[in-house]
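Work through the exercises below with the sequence and the model side by side. Try each task before you read its solution.

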Amino acid sequence: QETLRKVLPDQAVLYGVHGETWVYSEPEPLVYVRLPIVVDYIEGDLAFLLEGPEVGTAVVTVGAAELLGTETGVSK
């Protein structure tokens, strides 16, 4: 019996200084929402999740770090 897993590109995963992980979703054009996730493991370029957004949720894969910096006021 196979277990279905939530999987997304590892480039969508953002990491906090205390090990927390997030992705940004884009529920409508130019609207971004940071969502907490729990990564089980990364294999290749895919992140396999224990917890995450609903299946089919559009997540940001390019520019996510810039969105986090804009939201938090932290730059590189």
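## Exercise 1: A turn residue

Leu-30 is exposed, with a relative accessible area of 72%. Exposed means over 50% relative accessible area, buried under 20%, and partly exposed in between (1.4 Å probe, protein chains only). This is a predicted model: local features need pLDDT of at least 70, side-chain atom pairs count only at pLDDT 80 or more, and totals for chains, interfaces and linings use all residues. Residues are numbered from 1 along each chain as its sequence is written, and side-chain values use heavy atoms, with hydrogens and water left out.

**Task.** Find where Leu-30 sits and state its phi.

**Solution.** Start with the place: Leu-30 is in the loop between E3 and E4. Strands (E, at least two residues) and helices (H or I, at least four) are DSSP runs, numbered from the N terminus. Next, look at the turn. E3 and E4 form a hairpin with two residues between them. Finish with the backbone: phi of Leu-30 is near 65°, a positive value in a residue other than glycine. Most residues other than glycine have a negative phi.

## Exercise 2: The sheet

**Task.** Trace the order of the strands, then follow the bridges.

**Solution.** Five strands form an open sheet, ordered E1-E5-E4-E3-E2, with antiparallel pairing. Two strands pair if DSSP finds at least two bridges between them. At the edges are E1 (6–9) and E2 (14–15), each pairing on one side only.

Strand E3 (residues 21–28) and strand E4 (residues 31–43) are joined by six bridges. Contact means heavy atoms within 4.5 Å.

Ile-42 has Ala-47 as its bridge partner in E5. In the hairpin of E4 and E5, Gly-44 takes a positive phi near 65°.

## Exercise 3: Leu-46 and its surroundings

**Task.** Is Leu-46 buried or exposed, or in between? List its contacts.

**Solution.** Locate Leu-46 in strand E5 (residues 46–51). Leu-46 is partly exposed, at a relative accessible area of 33%. Set aside neighbours within four places in sequence. Leu-46 is then in contact with Val-7, Leu-8, Pro-9, Asp-10 and Tyr-41. Val-17 lies elsewhere: 29 residues from Leu-46 in sequence and 21 Å in space, C-alpha to C-alpha.

## Exercise 4: An aromatic pair

**Task.** Which rings form an aromatic pair, and how are they arranged?

**Solution.** Rings of Phe, Tyr and Trp (its six-membered ring) pair if their centres lie within 6.5 Å; planes under 30 degrees apart count as stacked, over 60 as edge-to-face and the rest as tilted. By this rule there is one aromatic pair. Tyr-41 and Phe-48 form it: 4.6 Å centre to centre, 10° between the planes, so the pair is stacked. Tyr-41 is partly exposed at 33%, whereas Phe-48 is buried at 13%.

## Exercise 5: The core

**Task.** Which residues make up the largest nonpolar core?

**Solution.** A nonpolar core is a set of buried Ala, Val, Leu, Ile, Met, Phe, Trp, Tyr and Cys residues joined through side-chain atoms within 4.5 Å. The largest has seven: Leu-8, Ala-12, Val-13, Val-23, Ile-37, Ala-47 and Leu-49. Apart from it lies another core of six residues, including Leu-14, Trp-22, Tyr-24 and Ala-64.
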